[in-house]
Amino acid sequence: MEPEKSPIELIRERDTFGKLLNIEIHEAKDGHSYVSMPLTADTANALGNVHGGVFFTLADMAFATACNSEESLAVAIEASIQYMRPVKSEGRLEARGMKIRETRRLGFYRMEITKPDGELVAVMQAVAFKKT
C-alpha cells in the first residue's frame with residue numbers, strides 16, 4: 001500500500017494552473033511558505049504591467065502552501081489583496097506566506113508579494129478552513 005501524500009505533495013503534483021504559470025514552491029513548512037514565478041509578455045496587462053490576476057494567483061499559491069504546510073488539509077474561505085504599485089511584466093515575482101493566528105478550525109494568513117530586490121508590491125490577507 002502506497003503511503004498517503006502530504007497536501008504540499010498534492011499541490012506540487014496536481015496544481016495544473018500553478019504549473020502553467022511556472023510557479024515554483026521553494027519552501028513550505030511550519031505555517032510559512034516561499035514561492036516565485038517568472039514574468040513574461042503572457043503575464044502582462046494592456047499597459048505592459050503584471051496583470052492583477054497574476055499577483056492574486058501567486059499570492060494564492062503562497063497561501064495554499066503556507067496553510068497546508070503543517071500536514072492538515074485546509075481550504076480558502078476568504079481572501080483580499082491590495083496592489084501597492086505596478087510592476088513591469090519582466091523578471092520574477094516572489095511571494096511569502098505566513099500564518100498570523102489560528103483557532104481550532106481557522107487559520108489567518110498574510111502574504112507579501114515582492115520583487116526580487118525585496119520591494120513590497122502587493123499584500124494579501126486570507127482565511128483558511130482546516131478540514132482535517
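This is a guided tour of the structure above, going from the whole chain to single residues.

The model is predicted, so local features need pLDDT of at least 70 and side-chain atom pairs count only at pLDDT 80 or more, while totals for chains, interfaces and linings use all residues. Residues are numbered from 1 along each chain as its sequence is written, and side-chain values use heavy atoms, with hydrogens and water left out.

**Whole chain**

Start with the protein chain in cartoon view. It holds three helices and six strands, where helices (H or I, at least four residues) and strands (E, at least two) are DSSP runs numbered from the N terminus. From that end the order is α-α-β-β-α-β-β-β-β. The radius of gyration, taken over C-alpha atoms, is 15 Å, close to the 14 Å that the globule rule gives for 132 residues, so the chain is as compact as a globular protein of that length. That rule is 2.2 Å times the number of residues to the power 0.38. Along the principal axes, the C-alpha atoms fill a box of roughly 50 × 35 × 25 Å.

Now show the surface. The chain exposes about 7500 Å², and carbon and sulfur atoms supply 54% of that area; the areas come from the Shrake-Rupley method with a 1.4 Å probe. Of the 132 residues, 40% are buried. Buried means under 20% relative accessible area, exposed over 50%, and partly exposed in between (1.4 Å probe, protein chains only).

Select residues 32-39, which form β2. Six of these eight residues are buried, so the strand is largely enclosed by the rest of the structure. Two strands pair if DSSP finds at least two bridges between them.

Glu27 has Tyr34 of β2 as its bridge partner.

Return to the turn between β1 and β2, which form a hairpin with two residues between them. Asp30 sits in this loop. Its phi is near 50 degrees, a positive value in a residue other than glycine. Asp30 is exposed, with a relative accessible area of 56%.

**The nonpolar core**

Which residues have the most contacts inside the largest nonpolar core? Select Val35, Phe55, Leu58, Leu93, Met111 and Ile113; the core has 31 residues. Such a core is a set of buried Ala, Val, Leu, Ile, Met, Phe, Trp, Tyr and Cys residues joined through side-chain atoms within 4.5 Å. Among the elements that each supply at least two residues are α1 (7-14), α3 (52-67), β3 (74-83) and β5 (106-114). Helix α3 gives the most, with nine residues.

Centre on Met111. Contact means heavy atoms within 4.5 Å. Not counting residues up to four places away in sequence, Met111 touches residues including Ala59, Phe63, Met98 and Val123.

**Two loop residues**

Go to Ser72, in the loop between α3 and β3. Is Ser72 buried or exposed? Ser72 is buried, at 16% relative accessible area. Leaving aside neighbours within four places in sequence, Ser72 is in contact with Pro7, Cys67, Lys130 and Thr132.

Finish at Asn22, in the loop between α2 (16-20) and β1. Asn22 has a positive phi of about 60 degrees although it is not a glycine, and at 47% relative accessibility it counts as partly exposed.
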